[in-house]
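Student: I am new to this structure and would like to learn how to read it. Could we go through its features one after another?

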Amino acid sequence: MSLSTNLRRTLSCSKALVRCVNTSSDPQHPKTTSFGFQTIPEDAKETMVKSVFDSVASKYDLMNDAMSMGVHRLWKDQFVGDLKPGRQRPMKCIDVAGGTGDIALRILDFAREKYADRETSVEVVDINEQMLKEGLRRFKKTMYHNTPQISFHEANAQSLPKDKFADDSYDLYTIAFGIRNVTSIPAVLEEAYRVLKPGATFACLEFNRVDNPLLGTLYDQYSFHIIPLLGTILTGDRASYQYLVESIRKFPSQPDFAQMIRNAGFVTGKDVDGGAWSNLWGGVACVHTGVKV
Amino acid sequence: MLLRAIPKSVLASTIHWRNTRLINTIPAYPGHIPLNPFENAFLAVGSAVMSLLDPYRADLIAALGETTAGPALPRLRDIMLASPEGRQILKDRPRISTKTVDMNALAQLPESTLGRTYKTWLERTGVTPDSREPVHYVDDPELAYVMQRYRECHDLYHCICNFSVNVESELAIKYFEFVNLGLPLAAISAIGGPLRLNAKKRSVLFSEYVPWALQYGSTSQCLMKVYWEKRWEQDVEELRKELGIRDSPAKWSKKSMSTVASAAVANSVDPAPSQSSS
């Protein structure tokens with residue numbers, strides 16, 4: 001492992017230490033990060049993202065359907081279908097930023113329907129209590145409620161508590177449409193590396209860059225003109241959806257994100273579509289995978 | 001190779017066209033959200049559908065009003081400019097909220113004054129002047145103020161016509177506003193609103209309220225040019241005569257009348273500032 005990775009790991013282990021180091025070296029210029037197209041102090045991002053998701057939680061699923069015209073369901077189906085949870089043996093999965101439980105439900109249904117597997121379990125982790133509440137409500141309508149197959153935990157993906165989320169304990173780590181909202185993507189990737197067993201898979205479904213210029217123009221027009229208005233009409237909250245479309249543009253490109261995954265210690269495929277990542281709908285959504293060795 | 005055949009000047013202007021925007025996107029006032037014509041139409045249709053499905057979405061009714069206002073706002077502004085009182089309003093740009101209007105002072109005024117009648121009306125209906133959505137989608141700041149003024153004075157129109165805030169009364173006021181002010185939103189609400197009423201309320205609306213609203217709305221003065229804040233002490237019946245409004249057919253429920261009585265008791269207990277200073 002390189003010196004820089006070790007240094008980053010040591011620093012990211014203690015947020016207080018990072019702040020201390022930061023302020024002592026350069027108190028005039030606090031570290032900043034992006035919140036959509038705005039630049040804000042790093043410490044503020046978590047609170048601002050929290051307020052976005054507190055506000056969208058109750059209508060999250062409705063808005064997803066409206067904005068993507070139902071296509072997000074196809075993306076999530078393909079994401080889980082390609083991972084094939086439960087194929088070899090029951091898996092212990094962790095779904096991070098999984099609030100409303102879309103991926104968790106698909107994992108459990110896939111294992112049950114394809115492999116008659118009722119031992120695979122998913123732990124849904126989210127930093128936002130409102131989103132977890134929506135997830136719990138959704139799961140009450142399914143057969144998995146009150147079984148060991150599903151559980152909900154409030155935690156920060158950048159620093160999962162070591163007592164609940166031990167090292168080398170999960171067979172599958174999934175994060176869908178959540179990683180672009182975190183303050184530090186490397187911290188999340190390192191936590192993912194820590195909690196996965198050797199040989200286990202890390203999989204991330206996220207919005208990404210569209211290369212095709214025609215599709216890209218249409219996508220941009222749709223994102224910046226229609227989506228904030230849909231937010232106004234359906235939920236009365238334009239700002240949250242403006243943040244959403246801007247945060248998509250700020251996310252690293254496919255090869256850059258694949259490199260970040262490798263920096264955390266994972267092994268990925270080659271830097272081509274079909275290798276380290278797989279574009280869905282031309283790059284509107286993208287699945288990145290890595291394996292811990 | 002094909003690109004080389006196109007003269008540089010044409011290519012440059014094409015690229016420039018792609019990079020220019022169809023509308024100016026710098027906000028003209030705090031809260032301004034510029035929309036291009038397509039977005040404007042989309043929001044108008046979307047908010048119309050959604051506010052029919054959920055009439056409690058006041059923010060969408062506001063958005064519908066702003067996106068469909070069109071030439072009505074400049075027309076209203078010109079009517080205001082044509083009268084001295086209206087010109088004063090456009091110059092001062094007064095706002096009506098609990099912060100800008102002294103509600104306690106209004107409660108102390110004699111019962112027949114406009115100010116006291118307005119305060120009593122607010123108590124009877126349980127409405128507050130603070131819940132008005134700010135204007136977002138009107139591009140010109142002065143027209144945005146005209147829209148904001150309309151929204152804030154809407155309660156005063158209820159009050160001066162002596163209507164409550166149930167659905168039939170709101171619709172009656174919308175008919176009144178359409179003939180008096182000419183806003184398309186009033187027409188849209190007037191057409192869409194009755195769809196949600198039951199037959200009995202619809203019959204009251206169309207047999208009593210609407211004929212009254214259409215007659216007096218069209219013959220009375222344009223209410224936008226009334227500087228309400230300068231007329232709190234004016235006798236309300238005298239004001240109604242001046243504006244041309246009378247014989248309101250509105251019916252008030254017994255429950256709201258008891259609110260009046262308890263409010264009157266509360267007001268009489270408060271020490272009047274004029275008495276303590278003398």
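Student: Where two chains meet, I would like to begin with charge: how many salt bridges does the rule find across the interface of chain A and chain B?

Tutor: Please keep in mind that this is a predicted model. A salt bridge is looked for between a side-chain nitrogen of Lys or Arg and a carboxyl oxygen of Asp or Glu, within 4 Å, and across the interface of chain A and chain B the rule finds 0 of them.

Student: Which part of chain A gives the most to the side that touches chain B?

Tutor: That part is helix H9 of chain A, residues 213-235, which contributes 9 residues to the side touching chain B. By kind, the residues on this side of chain A are 6 nonpolar, 4 polar and 1 charged.

Student: How many residue pairs are in polar contact between chain A and chain B?

Tutor: There are 4 such residue pairs between chain A and chain B, with both residues of each pair at pLDDT 80 or more.

Student: How much area do chain A and chain B bury between them, and on which atoms?

Tutor: The two chains bury about 1000 Å² between them, and 69% of this is on carbon and sulfur atoms. On the side of chain A, the residues that lose the most area to chain B are A:Leu229, A:Ile233 and A:Arg238, which together make up 52% of what that side buries. As for the residues taking part, the contact draws 11 from chain A and 14 from chain B.

Student: Turning to annotations, where does UniProt place the feature "binding site" in chain B?

Tutor: The unreviewed UniProt entry places this feature at B:His154, B:Asp155, B:His158 and B:Glu170. These residues are spread over 17 residues of sequence, yet they cluster in space, with a largest C-alpha distance of 10.0 Å. The lining of the largest pocket includes B:His154, B:Asp155, B:His158 and B:Glu170, and B:Asp155 has its place in helix H9 of chain B, residues 141-160.

Student: And which residues of chain A carry the feature "binding site"?

Tutor: For chain A, the record, again an unreviewed UniProt entry, lists A:Thr100, A:Asp126, A:Asn156 and A:Ala157. Each of these four, A:Thr100, A:Asp126, A:Asn156 and A:Ala157, is included in the lining of the largest cavity. A:Thr100 lies in the loop of chain A between strand E3 (92-96) and helix H6 (102-115).

Technical notes
Residues are numbered from 1 along each chain as its sequence is written. Chains are lettered from A and ligands numbered from 1 in the order in which they are written. This is a predicted model: local features need pLDDT of at least 70, side-chain atom pairs count only at pLDDT 80 or more; totals for chains, interfaces and linings use all residues. Side-chain values use heavy atoms; hydrogens and water are left out. Contact means heavy atoms within 4.5 Å. Buried area is the accessible area (1.4 Å probe) that two parts lose on being put together, summed over both. A polar contact is a pair of N or O atoms within 3.5 Å; within protein, one must be able to donate a hydrogen and the other to accept it, and residues adjacent in sequence count only if both atoms are side-chain atoms. Helices (H or I, at least four residues) and strands (E, at least two) are DSSP runs, numbered from the N terminus. Ala, Val, Leu, Ile, Met, Phe, Trp, Tyr, Cys and Pro count as nonpolar, Asp, Glu, Lys and Arg as charged, and the others, Gly among them, as polar. UniProt positions are given in the numbering used here, feature names are shortened, and annotations may be inferred rather than shown by experiment. On a 1 Å grid over the protein atoms alone, a cavity is a set of points where a 1.4 Å probe fits but cannot get out, and a pocket is an open set with protein on both sides within 12 Å along at least five of seven lines; lining residues have an atom within 4 Å of a point.
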